[in-house]
Amino acid sequence: MVFKRFMQALGVGGPSVETVLANPNARPGGYLEGQVHVTGGDHATDIEYVSLGLVTRVEVESGDSEYDTTQEFHRSRLTGAFRLEPGQRHDIPFRFDVPWETPITHVYNQYLHGMTMGLRTELEVARAVDKGDLDQVAVFPLPAQERILDALQQLGFRFTRADVERGRIYGVEQTLPFYQEIEFYPPPQYASGINQLELTFVATARHLQVVLEIDKRGGLFTEGHDAFGRFTVDWATADSTNWVAQLDNWLRQSAQRRGLFF
């Protein structure tokens, strides 16, 4: 599949940039391949560099307020300086690594409501930087992530929305300054003790870290509160684990006590 977006750089008569992705779909720890075509305008132009950046929307809490911002979290410079003659085309092939911690945007070809992910082409001419529009990218879960999502679906949990929040999770090996939360409503068998389940994946090349946050219902004489779970999945054993049984056990324990459970 060829995915294109055209960007007019630096005004009328300047160079233009076309980014072509061989496939706009990727997985964490994988890569995107394609070419950037830079075409000269009406006059010779000295290009300082061409780069690509992976960008997502992040929710930021600041004091008593919240706001959304667009954050670039991975960048690759494709070229150094070069001269572009009028009408000349300069083709730049690339293989862009997708970080392991990249949030997912699609599950079973279904878009996760609330997510934004894109590849942005940036070009600098005479110290003027042109940041193009985002070429939308779809990030699908790794097999181990998919198995855990499968198990939640089998247990009856219903996806509601996903977002990316700035911050770090205590006790989790994390390199990016944000993390994704995938939110679910509970099925009837858990609804008496759980209002909502939030799932976070933080992957590395060695393993997958999974964080569960459960908004617990309050009783007649007790207040509701959150419970947290954290466990690590070895890539080599993920396929042999009975995730339905494991998650059911963890969820039932969390509904009975507060604090960390493993």
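Buried, for this talk, means under 20% relative accessible area, exposed means over 50%, and partly exposed is in between, with a 1.4 Å probe and protein chains only. This is a predicted model, with local features needing pLDDT of at least 70, side-chain atom pairs counting only at pLDDT 80 or more, and totals for chains, interfaces and linings using all residues. Residues are numbered from 1 along each chain as its sequence is written, and side-chain values use heavy atoms, with hydrogens and water left out.

Start with helix α1, residues 143-154. Helices here are DSSP runs (H or I, at least four residues), and strands are too (E, at least two), numbered from the N terminus. From first C-alpha to last, the 12 residues of α1 reach 16 Å, close to the 16 Å expected at 1.5 Å a residue. That expected span is 1.5 Å times one less than the number of residues.

Which residues of α1 are buried? A144, Q145, I148, L149, A151 and L152. They sit on the same side of α1 because they cover an arc of only 155° around the axis, taken from the directions from the helix axis to the C-beta atoms. On the other side, Q153 and Q154 are exposed. Just after α1, G156 has a positive phi of about 100°.

Now the cavities. A cavity is a set of points on a 1 Å grid over the protein atoms alone, where a 1.4 Å probe fits but cannot get out; lining residues have an atom within 4 Å of a point. The whole structure has two of 30 Å³ or more. Q145 is in its lining, and so are W100, F178 and F201, among others.

Technical notes:
On a 1 Å grid over the protein atoms alone, a cavity is a set of points where a 1.4 Å probe fits but cannot get out, and a pocket is an open set with protein on both sides within 12 Å along at least five of seven lines; lining residues have an atom within 4 Å of a point. Grid points are joined across faces, edges and corners, and a volume is the space filled by probe spheres set on the points.
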